[in-house]
Amino acid sequence: MSVMRPKTIRWLVPLMALSLLTALWLPSPARATDPAAEAEGIYLHAGSPLILSGSEVAFLDSGNPGVAALLTAGRTLVPLRALAEHFGAEVSFDPETRRVEIRSGENASIFFADQPWYHMVRDGKEIRVEMDTRVRIIQGRTMVPLRVISESVLDQPVFYRDGVIAVGKTAAALAERPDVVTNVKQRIGAVLRVENEKELSALLSATPDPRYGLKDEAAQETPAADAPDGLGSGEGSGDYSTTNIQVEGVDEADILKTDGKYLYIGGNNAVRIVRADGSRMSEAAQIRMPDEKQVQELYLDGDRLVVLGNRYEAGESPDPGDPRIMEEKAMIWPGWQKNFSYADVYNISDPSSPVLLKTHEMEGSYISSRKAGDIVYLITNSWPSDGRIVPYLRDTATGNQVVPLGVDDVLVMPDFPARGYVVLSALNIRDREPAMVEAMTTSGHLVYMNRNSLYLAADRYDGTTEISRFQVDGMRFGYAGTARIRGRLLNQFSMDEHNGHLRVAATTDAGNAVYVLDSFMEPVGSLTGLAPGEQIYSMRFMGDTGYMVTFRTIDPLFVLDLADPTAPSVAGELKIPGFSNYLHPVGDGLILGIGLQTNELFERDDQGREEVIGFRTGGIKVSLFDVSDQGNPREISSLVTGENGSYAEALYNHRAVLTDPASDRIIFDATISTDKATYTPRQGALVISYGGNRITSQGILEYQEPEIYGKYLPYGRRVAFIGNTLYYFQDSIIQSFDYQTLAPTGSLMLR
């Protein structure tokens with residue numbers, strides 16, 4: 001949690017699309033020598049939402065990135081406006097008659113929705129021209145046959161070969177240029193849309209299924225927070241705390257939220273709403289879920305509460321009439337139980353009486369989410385069973401029935417087909433409209449999002465990581481490219497976009513590395529071989545600088561100069577005992593680290609010589625680093641609390657940390673081992689000050705053991721503040737404390 005910042009919304013702007021890099025960090029050819037660039041013209045690929053013009057990759061329809069060149073009944077349909085305007089024609093649309101007019105000089109052509117003909121106007125005469133395919137409206141765009149719009153209307157020749165389409169008088173005759181075909185396929189043909197389930201099934205079964213490692217983001221070690229456009233922690237002039245986030249302006253869900261008057265706590269089978277009246281806390285309302293519906297995280301925005309989690313339901317058993325073997329079949333029959341991730345939107349203008357407005361459910365497991373403005377982006381990993389090709393969904397904005405996802409909402413990666421999907425759902429929390437959905441045949445477990453891009457990363461079993469990018473602009477979003485890099489990412493904060501470049505930190509067999517991708521998802525620079533034999537424990541990108549902590553037996557803090565994307569370098573290095581799992585900027589040239597102290601273990605040979613053979617962790621260590629001189633980083637203060645066996649959720653989850661720059665404090669829950677002989681733990685929330693450039697302990701908020709447990713009692717530990725009161729949520733008990741003296745003022749036990 002961190003201090004509330006005055007709310008500002010910056011609408012995202014569309015970015016140029018990115019192309020797929022199928023090689024593993026191989027040098028890419030200079031764009032000036034691209035065969036397609038030499039041949040000029042424009043190039044499409046059947047099923048691809050991208051277009052290649054010269055060496056530039058863009059969305060086929062910049063206003064609707066989900067639109068693709070559609071192959072149906074032997075004809076390729078393209079968005080009329082996008083193609084016409086590319087060749088300089090003027091386009092007008094009448095929404096009442098659904099009439100589209102293309103005008104180029106004195107000539108015009110008029111198309112009508114759902115009609116297999118159009119009108120051609122030449123020399124003042126209007127002639128009706130028949131087509132063998134009707135005009136279709138798809139995703140709000142008028143789609144017409146490519147040859148008609150290109151050759152008959154715009155007088156631009158069309159060439160086809162192996163799914164690649166060239167348009168233009170200067171375009172390559174593809175039958176004579178296999179190099180152009182290969183180049184276009186690599187640049188824009190790696191992710192495709194299909195017309196029906198038969199085509200989708202054929203593509204998915206083209207090669208063996210290369211399974212990805214599936215992990216829940218919440219279970220990842222998440223020590224660093226990354227905010228290229230600001231601290232991303234919400235500090236400001238407000239008087240209550242918010243969730244400690246990664247990127248300013250992009251909210252993250254958590255188990256506790258506050259609006260300065262109420263605490264909203266989610267978990268297990270319920271959401272509990274508590275009046276935050278200091279010593280007079282009381283419960284205002286409960287949202288109780290059915291047994292099969294688990295609450296995982298929440299968003300809070302004005303009079304809207306969004307509840308996220310998983311819902312389970314029994315599917316059809318192969319032998320539903322025999323209850324004696326149901327338990328066994330639940331284990332071995334993959335279709336017996338279905339899992340849905342869900343997002344419930346409530347109106348809480350009266351917090352004592354929440355009203356459910358709408359629900360969106362997607363078959364699969366909830367992985368993560370983000371919120372920008374009024375839009376919540378829900379990410380689901382889905383693996384349809386029972387022989388089905390597409391996952392199910394339910395959206396109460398259109399009805400209560402569970403229905404299959406439309407094939408036109410699926411993107412297929414032919415080179416790396418997977419039976420599962422990553423599904424991205426965009427949900428507006430202010431209206432009653434259904435969610436927008438996009439599914440891609442891959443999997444993902446790490447998410448990074450800024451104001452115009454959402455990145456999904458997935459481990460592959462060959463030691464590489466695949467990163468896919470979606471361009472986001474409110475409810476509009478679309479696939480924008482994929483890259484593969486060598487190595488594994490630690491967490492979501494291993495990714496960062498700055499000035500149009502994605503920086504990625506990874507641990508490889510040959511050491512640790514930082515890769516830089518340009519707007520085409522092609523490598524422009526890299527820094528490799530850092531600390532061989534060690535692994536990344538935390539990463540923080542801040543503008544033109546990066547901070548990396550690696551560890552094996554001692555903690556090196558690397559300061560990275562990233563000002564030149566083509567030549568990232570190490571500016572400075574500091575080695576100290578212990579390691580930092582979480583790095584947080586706390587002032588000009590100052591970074592705070594939360595981690596563990598370590599003690600080296602030695603072995604003495606028969607000559608009396610000592611050799612380091614390992615290490616043993618000690619207590620929780622909070623360090624303050626001065627990085628104002630990049631070439632000479634220094635640890636200027638530190639504090640170690642507890643002994644071996646001490647632990648804190650803050651070591652892997654940045655959202656468990658309350659940051660308050662107004663008082664130079666951080667607060668987080670911890671389990672502290674204090675007795676060296678028995679390691680008897682002490683539990684509570686550590687209140688730590690970094691004021692005056694010194695790390696000092698200001699006390700501990702004592703943990704109180706709950707007296708009761710139950711399915712409607714949320715469990716977890718967070719600290720928030722409102723005004724001069726601290727609220728410590730601890731496994732169904734909420735305690736209040738005076739923020740200055742830390743004296744307890746009240747307690748509420750949820751029942």
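Hi everyone. Let me begin with a term: helices here are DSSP runs of H or I with at least four residues, numbered from the N terminus. Please keep in mind that this is a predicted model.

With that term in hand, let's look at helix α3, residues 146-153. Its buried residues are Leu146, Val148, Ile149, Ser150 and Val153. After α3 comes aspartate 155, with a positive phi near 60°. Aspartate 155 takes that positive phi although it is not a glycine, and it sits in the loop between α3 and β14.

Where is aspartate 114 found? It lies in the loop between β9 and β10. Aspartate 114 is not a glycine either, yet its phi is positive, about 70°. Its relative accessibility is 36%, so it counts as partly exposed.

Is serine 109 buried or exposed? It counts as buried, because its relative accessibility is 1%. Leaving out residues up to four places away in sequence, serine 109 touches several others, among them Ile102, Tyr118, Met120 and Val153.

Finally, let's visit strand β22, residues 293-301. Seven of its nine residues are buried, so the rest of the structure largely encloses this strand. β22 runs antiparallel to β23, residues 304-314, and eight bridges join the two. Within this pairing, valine 295 stands opposite glycine 309 of β23. The hairpin has two residues between its strands, and glycine 302 there has a positive phi near 60°.

Conventions: Residues numbered from 1 in each chain as written. Predicted model: local features only at pLDDT ≥ 70, side-chain atom pairs only at ≥ 80, totals over all residues. Heavy atoms only, no water. Buried < 20%, exposed > 50% of the residue type's maximum accessible area, 1.4 Å probe, protein only. Contact = heavy atoms within 4.5 Å. Pairing = 2+ DSSP bridges.
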